[in-house]
Every structure is written in C-alpha cells, then in structure tokens.
Amino acid sequence: MANPLVIALVVVFSFIETTVATTYNVRTMGAKTNGRTDSTKTFMAAWSGACGSSKPATIYVPNGRYLVGGLRFSGPCKNKAITIRIDGTLLAPSNYVAEYWLRFNVVEGVTILGGILDAQGAGLWACKASRRNCPSGATSLAIFNSKNVVVSGLSSLNSQMFHIVVNGCNNVKVVGVNVVAPWNSPNTDGIHVQLSTGVSILNSKISTGDDCVSIGPGTTNLWIENVACGPGHGISIGSLGKDLKEEGVQNVTVKRVTFKDTDNGLRIKAWARPSSGFVNGVLFQNAVMTNVENPIVIDQNYCPGSKNCPRQVSGVKISNVKYQDVHGTSATKVAVKFDCSKKNPCRGITIQDVNLSFKNQLPASAYCVNAAGRASGVVKPTSCL
C-alpha cells in the first residue's frame, strides 16, 4: 500500500514544479550592459523561452543600460503568466526607424514591472523642427490585441512619437508610470488608448509635448484616476471624426487629476466632417487646473494649425458629459468653451461646482455654440448652457 505521506509530497512537488516561474536573465544569456552593444537578439531569445514555456515565466533585466532595436513580443504563448521585471534601462538606437520600438501583440497575462525606456528621440525632433524629410518616428511601447496586461512602475523617456499605445485590448492596467518628454517635442502623446475596453490609468505623472492621455475611437469603460499632467496638451477624447465610419467612445471616467501649464485641460476634439462617431457617458470629476489654457473645451471644429481644414459640419454626436468639481486658474480668458456641431449639437452637458478664474484673480468667461445642458452649484464663469 502506498505511503500517504509520499503521495502528498509528490502532489506538492508536482504543484510547485508547474507553478514556480522559470526565469530568463538577459544578462546571463549574453546581453551587454554598456549601452553600446546591440542586445536585441538576446531579449528576443528570452521572450521565445518565456512564451514557449508551459509554466509561468519571468524575464529579468538586471541593472544596466541595454541597447535594443525593435522588440516584437508576439503571442499567443503557452502560458498566461509572463512577468518582465526591468531593473535597468533600455535604450533605443538614436537612428532607429520603425513604427514601434517595443510591441506586444496577441499576448495574455503579461506584467511589465519597473524599468526605464529611453527612446532618445531628440535627434528626430530636431529633424522635424528643421522641416527636413524625416521619418515619422516610433512609438516606445505598443500593446495590441491583448488582454489582462499590467504595466507598473515604468518610466518612459523621450519617445520619438507616442510613449505608450493600447490598441485592440481588453483589461489593461497602467499604474504608477512616469512619462517625460520636453514640452516642445512633437506628437509625443503620453498614453493613447483606442479600440479597447476595461483600460485603467492610475497614479501616474505625464509631462510631454502632446496629449498626456489621448482617447481614440472604440474606447469603452476607461478609468483614469490620480494622474498629474503637465506640460502637455491635456487629457483629450479625440481627435474623432477622421473617418466616415468610426466607432464611438463611451463610459469614460476621469477623476482626481491635476493639470499644470498645459495647453488644454479636459478636452473633446472632433474634425468638422461627416462621421458615425460619438461620445456618450463621460465623467470629469475633481480636476485642479494651474495656469491652464482652455481648462474645459469641446471643439468640433478641430483643425490644428488651421491647415487643410475640412470646413464641413462634424457628424460626431456628443452627449451626457458631466464636469464636476473642477477648479483652479485659466491662462485664457475663456475658461469654458463648447464649440459644438450645428448638425449634431452637444446634448446633456452638465456642469456642477466648477470654479475657474482667469490668471488667479480676474473673472473668466464661457463660450457656447450649439450646446445644451444644465449647471448647478457654484459655477464660475457663469454657465452659457
């Protein structure tokens, strides 16, 4: 008769064997920490091992500076518990030309912990400033067609284009990230979300040359909380209406956010052309503005630089947008601006306890076109709805 204790030990050790993560240390696998030697192949070998493992796996990046080109982390993988722990800095080649630097596609259960991504984008920005024929630049971290992904404690520096993109995903959490690029770095959006549901952006600081967070078509059930923005272009839904057939944006919550020296605060922007797009069910709550241009703005005649503007009428339908407990200082005389579509006026706009002054002491003003809704509580500037 088998010994029950032996059977129990076999079961325990079998469980441990199938649950303890296999670790792939990129340094011991041959990656160089000098920031000059290309370690792309080593990183991809680590991913191949982790993704091909039937057990949970960890890719460990020790302290050091690692030069890596395009990293394509593709699934589906044999397990749904891959942790990428980064204690070092990943450097992009200064002359890197591609659409994405680090790209995850069709993965599930991936967690990225810590680390610094330095895309060294200054050279490309200078090229664009000189108006030469320059590449568009690479997004630093792109997550496509994936689910149950966590990005925690990551710092993204000097991206050539967008810092972080979440596209076609379900249940992605971005927590405690630090995004940094100069105020005049072009198109360096902090975090861009589109065609995704169940995305959370929490406890993060974003200082960049474009939108701190941009929310594209097909975004639903998005939660943004405790995010500090500035410098940058604010937190923006849009731009929308680029395409005739476009998915809508709905059920978006933005709360406990701060803006300092930004070009916009809480913004919805859409092109003045026909579109099936829409925005419905948005809550902007508990926002503090410090010297912010356009703290509250809906712009359905969006056309940056006023070049090649469509000059039609926006087909994007905007409804049920609430601004609650928004206060601070506006750098523009008009602190609240609703410039909505003549064909599809903004409906169900709610303003509650909004108190914005112009340059800290002067009264600010509000501007409304084709916008309907109601105001309650203390509302300064006086509502034009």
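The largest cavity in this predicted model holds about 120 Å³ of space. A cavity is a set of points on a 1 Å grid over the protein atoms alone where a 1.4 Å probe fits but cannot get out, and lining residues have an atom within 4 Å of a point. Grid points are joined across faces, edges and corners, and a volume is the space filled by probe spheres set on the points. Local features need pLDDT of at least 70, side-chain atom pairs count only at pLDDT 80 or more, and totals for chains, interfaces and linings use all residues. Residues are numbered from 1 along each chain as its sequence is written.

The lining of the largest cavity comprises 15 residues, with Phe73, Ile84, Ile86, Leu102 and Phe104 nearest its centre. Two or more lining residues come from each of helix 2 (40-52), strand 3 (57-61), strand 5 (71-74), strand 6 (82-86) and strand 8 (100-105). Helices (H or I, at least four residues) and strands (E, at least two) are DSSP runs, numbered from the N terminus. The lining has 15 nonpolar residues, no polar and no charged ones. Ala, Val, Leu, Ile, Met, Phe, Trp, Tyr, Cys and Pro count as nonpolar, Asp, Glu, Lys and Arg as charged, and the others, Gly among them, as polar.

In total, 2 cavities of 30 Å³ or more were found.

Helix 3 is followed by Arg131, which has a positive phi near 65°.

Key:
Side-chain values use heavy atoms; hydrogens and water are left out. On a 1 Å grid over the protein atoms alone, a cavity is a set of points where a 1.4 Å probe fits but cannot get out, and a pocket is an open set with protein on both sides within 12 Å along at least five of seven lines; lining residues have an atom within 4 Å of a point.
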